[in-house]
Amino acid sequence: MTSFVYCLSTFEALVLFQFLPAASLASSFQLACDNGTSLSLVYWEQKPYVYKDEGEFLINGALPEILRKIFNVCCKREANITGKRIEYPSSLKLTIQNHSHQAIIPLGRRVSRGESIYLRPFLGLIESPGMAVIAQKTIPGQELLAAIFDAWPILIFIVMAVSLSAIVMWILDYRSNPEEFPEFFPSGVFETFWWAAVTMTTVGYGDKVPRSVAGRLFGVVWINVGLVILAIFMGMITASLSSNSLEQISNLYGMPVAVMNGSAEQQLAILQNAEVHAKITYDELYKSVKDEETRVALVDLYSTTQHSVKYYEKYGLYVATVLDEPVIYGAVLPMGSETARNCFRSYTENHQLEIHEIIEKFIKTEKQPSESSSLGVEYFQENLFGYTVYSLLGFFIVILIVGLIWEYSLQAQKVHKLKKGSEKCSPKPEPSLPLKDDENQGNTNLPQRISSDGSVQTERLLAAQSAEILAMEDELKAFRKNWDKGLRDLQERHKKEQEQLFQLDNFGYDM
């Protein structure tokens, strides 16, 4: 039944085409169809829709292939389609007006947006499923650093809140806890600042704790306030990262967008009140995204399959997402081509499968670049994250070298001091008796051996003495640390015993 309806509709279209009287104003397109002569098109290259390979006479692409198929049915014989190539139009309206008697391809219009373009009939042949949103590849670390820098107001607020909390805690607790929060204001506030920062982040080392009741109550309040402040900070970073993500984009309002001049993508960007930057070449289009003139570029989805190597890898771009905005690509026909257009339209409606097979033949199916498929080396290319990593690595190396030089100089100074001290303490050599001539001649090498053996023994002695002194210094440091701890424990115990004995409150005894 379906085949019968299809044959009937095609037959009716052919009958109408054959028996309708030719209009006196029939276009060259209509005459080429009626007489079976060569059909000349005006076109600009836009793969995969239309292009011309070097050394070939006929134009190639999905649209010319479909037109040849339709001409076999709607016209007297197969047409010889040739084309006149022009540059991509800076003004679509002027281009259509300057070629009023010729068909123009390829033109795209959003689905259900009219059957004419500048009062000339439009023949839609290929439906593209959507518009690709092209964006610049970004590094996750770079986005994180940018989000932290964007949250600088909350960072300043955090520092001010921690500083104020430190001052309040020092006022409440320094009298009852002078060991941990000294009475001297600068050193006391410095210690309470450390306590406030550790408490706000819920780390809680326990090295500094309030002792008074008021101090502990304020500590409870500060723990909850710190949690809220950190939640605000994390929320701002998350919001900044989400706003930079383009995978879930659905509206272009206020966004700088690069589009091809006169395209369906330009229509959508204008309707959504985007900041439109119209370009006349794909090189300008993608370069504007690379140079951050625009944030994204809107490109026909089928056209993106032709740009992966030439543009995406060159400018470091990827397909962020695809907008569900179908586009019809076809030809603008001259006035007086209504009969041929009706037959062409009937053919396309009943041969969708054949048209899809033609489209598939001209579309590249290679894997498109995506942001997640980037190599690790891209983290260290020319971007903020890479510069930060290199700076930290260089700083670490410099500090390491300085530390090694400093340690070497300290050890050299210690050895020099030990040698100098040993020389002062060493006894003076006794004068030796003169030897006879024969004895002097027989023992000419003896002083050299004594001197060399003595220097080796001296170095060994100094090294052993230096090791003993260093060991004693370590023991002294450990003894002082234990002694200070024991003294603090003893003072604390004495204070508690005296408070119990004399029944003093926390503020009644000053050690």
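Which residue forms a salt bridge with Lys-279, and how far apart are the closest N and O atoms? I looked this up first, and the partner is Glu-293, with the closest N and O atoms 3.2 Å apart.

**Ground rules**

I am working with a predicted model, where local features need pLDDT of at least 70, side-chain atom pairs count only at pLDDT 80 or more, and totals for chains, interfaces and linings use all residues. I count residues from 1 along each chain as its sequence is written, and side-chain values use heavy atoms, with hydrogens and water left out.

**Salt bridges**

I call it a salt bridge when a side-chain nitrogen of Lys or Arg is within 4 Å of a carboxyl oxygen of Asp or Glu. By this rule I get twelve salt bridges.

Back to my opening pair: Lys-279 sits in strand E8 (residues 275-279) and Glu-293 in the loop between helix H10 (282-290) and E9, so parts 14 residues apart in sequence are tied together. Helices (H or I, at least four residues) and strands (E, at least two) are DSSP runs, numbered from the N terminus. I read accessibility like this: buried is under 20% relative accessible area, exposed is over 50%, and partly exposed is in between (1.4 Å probe, protein chains only). Lys-279 counts as buried at 13%, while Glu-293 is partly exposed at 39%.

Next I checked Glu-180 and Arg-211, whose side chains meet in a salt bridge (3.0 Å, N to O). Glu-180 is in the loop between helix H6 (152-173) and helix H7 (185-200), and Arg-211 is in the loop between H7 and helix H8 (213-244), 31 residues apart. Glu-180 is buried at 13% relative accessibility, whereas Arg-211 is partly exposed at 42%.

Then I turned to Arg-85 and Glu-45, which pair at 3.8 Å, N to O.

**Cores**

A nonpolar core is a set of buried Ala, Val, Leu, Ile, Met, Phe, Trp, Tyr and Cys residues joined through side-chain atoms within 4.5 Å. I found 55 residues in the largest one, and Phe-29, Leu-41 and Phe-344 are among those with the most contacts inside it. Helix H3 (residues 62-74) gives the largest share, seven residues.

I also looked at the neighbours of Leu-41, taking contact as heavy atoms within 4.5 Å. Leaving out residues up to four places away in sequence, Leu-41 touches residues including Ile-59, Leu-67, Ile-81 and Ile-105. A second, separate core has 26 residues, among them Val-42, Tyr-88, Tyr-282 and Leu-317.

**A buried Asn**

Where is Asn-60 found? I located Asn-60 in the loop between E1 and H3. Asn-60 is buried, with a relative accessible area of 19%. Not counting residues up to four places away in sequence, Asn-60 touches Tyr-49, Val-50, Tyr-51, Asp-53 and Phe-362.
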